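Please keep the sequence and the model at hand while reading.

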Amino acid sequence: MIELRNIHYFVTAAEHGSFRKAAAFLNIQESAVSRRIRDLEDRLGASLFHRHFGGVSLTVAGERFLRRVRIALQQIENGVNDVAAIGRSEDGIVKIGIFSSLASGFLFDLMKAFDEKHPRVTVELIEGNPSVHVAAVRQLQLDVAFITGTGEWPGCETEQLWTEGVFAVLPAEHGLTKQQSLRWRDLAGEAFIVSDAAPGPEIRDYLVQRLADLGRHPNIHPQYVGRDVLLSMVAVGRGLTVVSEAATGARFPGVVYRQIADEVLPFSAIWSRRNDNPAFRRFLSLARILSRSESAYINRTGSPASPSQSRDPSR
């Protein structure tokens, strides 16, 4: 194997035309430069320099070798710079599994703040149910997943970062829109629709639990549509649904959001303790800063920040 240090000495000697000057530039002994270049020539089986009283000059083999190694050294430097940029989180990619809406709220503020601080980092968002996300986190296919709840997941790190209120989505002409907030007993006799895609199944389980507590058999109909179409179906009177607070930032004609009193959903970050992605670590650090900012806001005001409330970590 040819040592990279020997190549570096060779290029320096070629640029200075002298082993002595190269040694002074490298701050080492001239004999070390001469010995290393001789080792390189022995390894290659060709002389790289003509030695003469005034210094050295390249042989034909040396000129050709210099052209090639300069290209190789440039590639190595490019690689070092690329990796260093990733280490500083200037470049890289963060893959995120999401459950909550990005229309407003904590995740919206987090994505916006991270993009401002690290514009060259690519962020990929993947929707899905929690079990699929956690499996992907364990396999390092996702850097982090944001899901509801505070449960423990074997092999993963978990940290609660924020909470959101729960809102019923009603047709604009529905009688319950006259109330500014609702309770589950107000909704006990209503028909609900949920999407078959995430987070629909989790919303269905949530509704079953809450409505069953009232002794009512839940009237819930799955729909094979996405979230936007589902809200349009609410608008035309096909049923009600529920969303987390962040989703209320998206406005749809014909629907009204009403908060369900005393209902709060905790949201947690899940990641693998084996994940060493520097860009993800910066992302998680910023998420913690924003989480502390939100907690401080709640402590000052006694209530959570609204979806439109900016969570500026500098406040």
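## Leucine 110 and the largest core

In this predicted model, leucine 110 is in contact with Phe146, Phe283, Leu286, Ala287 and Leu290, where residues up to four places away in sequence are left out of the count. Leu110 belongs to the largest nonpolar core, which has 43 residues, and together with Phe146, Leu187 and Phe283 it touches the most other members. The element that gives the most to this core is helix H10, which spans residues 278-301 and supplies seven residues.

## A separate core

Helix H2 runs over residues 19-26, and within it Phe19, Ala22, Ala23 and Leu26 are buried. These four residues lie on the same side of H2, because they cover an arc of only 100 degrees around the axis. The exposed residues Arg20, Ala24 and Phe25 are carried on the face of H2 that is turned away from its buried side.

The buried residues of H2 are covered by elements that include helix H1 (4-16) and helix H3 (30-44), as well as strand S1 (49-52) and strand S2 (55-58).

## The ends of helix H2

At the N-terminal end, H2 is capped by serine 18, a side-chain oxygen of which lies 3.1 Å from the backbone nitrogen of arginine 20.

Conventions: Residues numbered from 1 in each chain as written. Predicted model: local features only at pLDDT ≥ 70, side-chain atom pairs only at ≥ 80, totals over all residues. Heavy atoms only, no water. Core = buried A, V, L, I, M, F, W, Y, C linked by side-chain atoms within 4.5 Å. Buried < 20%, exposed > 50% of the residue type's maximum accessible area, 1.4 Å probe, protein only. Helix = DSSP H or I, 4+ residues; strand = E, 2+ residues; numbered from the N terminus. Contact = heavy atoms within 4.5 Å. Arc of directions from axis to C-beta. Polar contact = N/O pair within 3.5 Å; in protein donor to acceptor, adjacent residues only side chain to side chain.
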